[in-house]
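This briefing is meant for a reader who is meeting the structure for the first time. Please keep the sequence and the model in view while reading the points below.

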Amino acid sequence: MGEKRKTIVYFGGTAHELWTERGLEVSYSGRTAVLAEGDGDELRAEAPEPQRAGDVKAGYNQLAKCLELAMRLNSGAISPLSGAYFRAAALVQRALEDNPDWRTLPATFRQELSGGAEGIALIELLRVLLDEKRAAWEEALTIAGDCFTLRLPALRVGAPVPLAAVEALQMRDVTLINAINDRHCQRLWDKWPGDWLRIGESAIVRDGEADFTMLAASLCSRVFCTKEELAGPLRALYTLEPAKFAEL
Amino acid sequence: MIVSELTPYITHDPARERCHCPLGAVPALSTLRLAFSDGRAAVKSAELIVSGDDGLELKYDMVPEGGDWAATISVPETPAALWYSFRLTLESGELWLCAAYGGRFGQLMSTRGEGFRLTVHERGFETPEWFRRSVMYQIFPDRFARDGSGTARRGVERHIAMGRQVKYHEDWDESVDWQPNSTEGFYFPLDFFGGTFRGIEEKLGYLESLGVGVIYLNPIVEARSNHRYDAGDYMQPDPILGSVEDFERLCAAAGEHGIRIMLDGVYSHTGADSIYFNRDNHYRSDGAYNAGSRSPFYSWYGFRKWPNEYRCWWNFPDLPEVNEHDPGWEKLVITGEDSVVKTWLRRGAAGWRLDVADELPDDSLALIRKAVKSEKPDAVVLGEVWEDAITKFSYGSRRKYALGGALDTVMNYPFRSAMLDFFCFRSDAWALKGFLISQRLNYPLPMYYALMNLLSSHDVERARTSLATRLDARGMTREQQARFIVSDSQDERGAAMQKLAAVLQFALPGVPSVYYGDETGMNGMLDPFNRAPFTMGKRPLVEWYRTLGRARRENDALSCGAVAIFSPQADVLAVLRCVSGGRDCFGGAAQDGAVLAVVNRGGETREIVIDLWLDNTGLSSSELDGLRALGLTGGVCLLTGEECAVAEGLVKLSVPPASARLFKLK
């Protein structure tokens, strides 16, 4: 029996964005780290090995925070979004570890989304591609879109998520969601210039909340859904990009 | 102007009943609700400002209503072209919500900008139903069809006997004259090919097969030139065309084919060579020129110094202008028991196209309308107007002829420009849709459904030539135009685009007007090259036009249904027409149904989805409800036989390059 795979996942903190000659450099402070151990349904959280150097008391406090977060993750005493983020961040990191050439990632890494909070994996992949792999924006969007398929169940899962909740998990993800929303609205604008009412109805971000179904439908290269979804919430998007939609 | 972060949240869309109810132009004194959305609840108070000419400004307080701010008003009693905007008070100060994107949507501004348009028309404004449902065919009478009776040749001899230097083309296939033919080096259109009333009569079966319901004849009265816009005698037909009896027989025969005849009235001026002016002494009359103040017609004209200094139309000495307020002129042309206007209606005409209507005074136009309707209540009055007929400003005032008291309808030249721009790739489907919806919203509905939607006429290049060459012939000399040859590949492109343009022309509300020879693929630059004898071009589209005419005749949805306009992609435009509840937009009986026209001008197949249920494409909410109630599930293309599926108002299509579809939905 082999050793279980371990991956560090960071929660919260502050992202510092600095534009340099190399492009955008992102650094973090105040994050809480947990180890994701195992795979799939067996994925569990552990506190990482304590850092002994430096301020022992601060290190102890940090470890305590990590332990507490790990316990809450393992016991399920967390929000669905936090759980989804934990799994998504681990999944994405491992996929990229397994595929050193990230440009070919869609060939080996394919995931299905169902329109709920697990859609944060899309944003996480995008974030890592942009911030760590230094992919170009459009290239990263294409790769992320090709890695994920949206398959909406007959009964919708997940409600719009407050951006503040996403920000508490990964600040950069909110920046990216807003950027994706801008791009999405621009495409709507190109089709219905000036029609803010229609654009607003189909936006990803509305009233400080992110619609992960709309986000996934906007980014994923393939969308499977019922005809009710096509005729309902995804109607505008369907008329925008009919080729990527398939009826369940 | 500022771009406010509130822009996406504070909006107004005149094509949505939520913002503008009822949609479009409204009758005087009717109730209208105008509203804007306030998605951030940022507005503290709001005022609706309605403005018009002569300093008109009306202010209405607005009230919050479920996320919107609204004002319900009684529109003014005087028909007028008006504008409105919204003055908003926010925490941060005052902002204006004004028109942007061609008037289609709102834009927040720091100062007052362009207003949204609001057309108020006369209560009870009606236009003839038969006309709204018709397909029009425009004929330049000298150039459509000869007959074997010798009428034309005898007519030419009569002109020559009067002393006129006219020419008769023996061969129908000769080129039109265009070279200077006067000592001053000008070109005068004095060459005749000899088309006649009987010639037209012999082609009525052909016209019926095209689905034609009304023939518009360019002037037919006796005149010196081949275009006859220089009337010599208003009461007599030109002898080259035939006699009064020939005309009456033509009208009667046309009636048997379900076709009516409309005439061209040229009333802002006469010919100098006329019974009324008689500059050349070709008539035995005491004309204003040859007899001076002794002439009963002297007061018609504006002599600065008799006889050679007089007002003339666009300074053409051959076209002396008349004073339309002269009682004698008014009686002879309009009001008299046997006036020109009434006499020709009695002879069988079904209406008048008024030449340069925007140069006739509004009260003269109103008198003409009254005379026409008193003589024949269902006769039509159509005006030559080149611009937006609602906002047209001429001779120092805003014209009101399109608001119900004068013209039933106008020549829709802006439609032609917008269509040619689209099919010549000078604009895209979004721009065309914006234009088409603005016409839907800004013209009084009775006029909108009667607009003469033309692609060609005697005054502009033929559509085939425009679409083939993508040139503006106005920048070319007559000589250049005469020598220009439309290449085979250009003609092929022109034919392909003309087919698509015709589909939209027949699918949109209004009266599709086919200029003689457009259906046979004739080319032609500007006058006189657009007036060549009727012939078969290299790539005729007669069957195409027949199919479109049949579709329009057999589907009430196409002839009188409500309209929605879509632009799913830059190269693709779609038009939906629908009737539900057994009634058309005017409450007339009509067969339920829906027809969807789709054109793809581009060079690639387009995968598109059209959302028929979109709420701001031209349909009112009751029309949308009616459309939903039709329970559409599919359709068959009347052009190709191809089928399509409709699910929940969504139509997914694959439209090949440079192609059109006309789905009858069911």
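Predicted model: local features only at pLDDT ≥ 70, side-chain atom pairs only at ≥ 80, totals over all residues.

Residues are numbered from 1 along each chain as its sequence is written, and chains are lettered from A and ligands numbered from 1 in the order in which they are written.

**Chain A as a whole**

- Chain A holds 11 helices and 12 strands, where helices (H or I, at least four residues) and strands (E, at least two) are DSSP runs numbered from the N terminus.
- A compact globule of 248 residues would have a radius of gyration near 18 Å, and chain A, with 19 Å, agrees with this; the radius is taken over C-alpha atoms, and the globule rule is 2.2 Å times the number of residues to the power 0.38.
- Taken along the principal axes, the C-alpha atoms of chain A fill a box of roughly 60 × 45 × 35 Å.
- Of the contacts in chain A between residues at least 6 apart in sequence, 62% join residues at least 24 apart, a contact being two residues whose C-beta atoms, placed from the backbone, lie within 7 Å.

**Where chain A meets chain B**

- The contact between the chains takes 15 residues from chain A and 20 residues from chain B.
- On the chain A side, the elements that give two or more residues are helix H8 (196–201), helix H10 (227–231) and helix H11 (235–240), and H8(A) gives the most, with 4 residues.
- The residues on this side of chain A divide into 9 nonpolar, 3 polar and 3 charged, where Ala, Val, Leu, Ile, Met, Phe, Trp, Tyr, Cys and Pro count as nonpolar, Asp, Glu, Lys and Arg as charged, and the others, Gly among them, as polar.
- Ile199(A) has its place in helix H8 of chain A and counts as buried because it has 21 C-beta neighbours inside 10 Å.
- Leaving aside neighbours within four places in sequence, Ile199(A) is in contact with Cys185(A), Leu188(A), Trp189(A), Trp192(A) and, from the other chain, Pro8(B).

**Domains of chain B**

- The assignment, which is automatic or comes from a database, gives domain 1 (10–121), domain 2 (133–146 + 195–268 + 322–548), domain 3 (269–321) and domain 4 (556–665) in chain B.
- The C-alpha centres of domain 1 and domain 4 of chain B lie 30 Å apart, and the contact takes 6 residues from domain 1 and 5 residues from domain 4.

**The parallel sheet of chain B**

- In chain B, 8 strands form an open sheet with parallel pairing, in the order E26-E23-E22-E19-E16-E13-E28-E27; two strands pair if DSSP finds at least two bridges between them.
- Strand E26 (409–410) and strand E27 (452–454) of chain B stand at the edges with a single partner strand each, so one side of each is left without a neighbour in the sheet.
- Strand E13 (residues 136–139) and strand E16 (residues 214–217) of chain B pair in the parallel sense over 4 bridges, and Gln138(B) stands opposite Tyr216(B) in E16(B).
- E16(B) is joined to E19(B) by 3 bridges, again parallel, with Val214(B) opposite Arg260(B) in E19(B).
- E19(B) also pairs in the parallel sense with strand E22 (residues 351–354) of chain B over 4 bridges, where Leu354(B) is the bridge partner of Gly265(B).
- Both faces of E19(B) are covered, with Arg260(B), Met262(B) and Asp264(B) buried on one side and Ile261(B), Leu263(B) and Gly265(B) buried on the other.

- A nonpolar core is a set of buried Ala, Val, Leu, Ile, Met, Phe, Trp, Tyr and Cys residues joined through C-beta atoms within 7 Å; among the residues that touch the most other members of the largest core, which has 273 residues, are Leu122(A), Ala144(A) and Met262(B).
- A second, separate core of 7 residues includes Ala473(B), Met522(B), Met525(B) and Ala532(B).
- Phe144(B) is found in the loop between E13 and helix H2 (151–162) of chain B, and counts as buried because it has 23 C-beta neighbours inside 10 Å.

Definitions and conventions: Buried ≥ 20, exposed ≤ 12 C-beta atoms within 10 Å, placed from the backbone.
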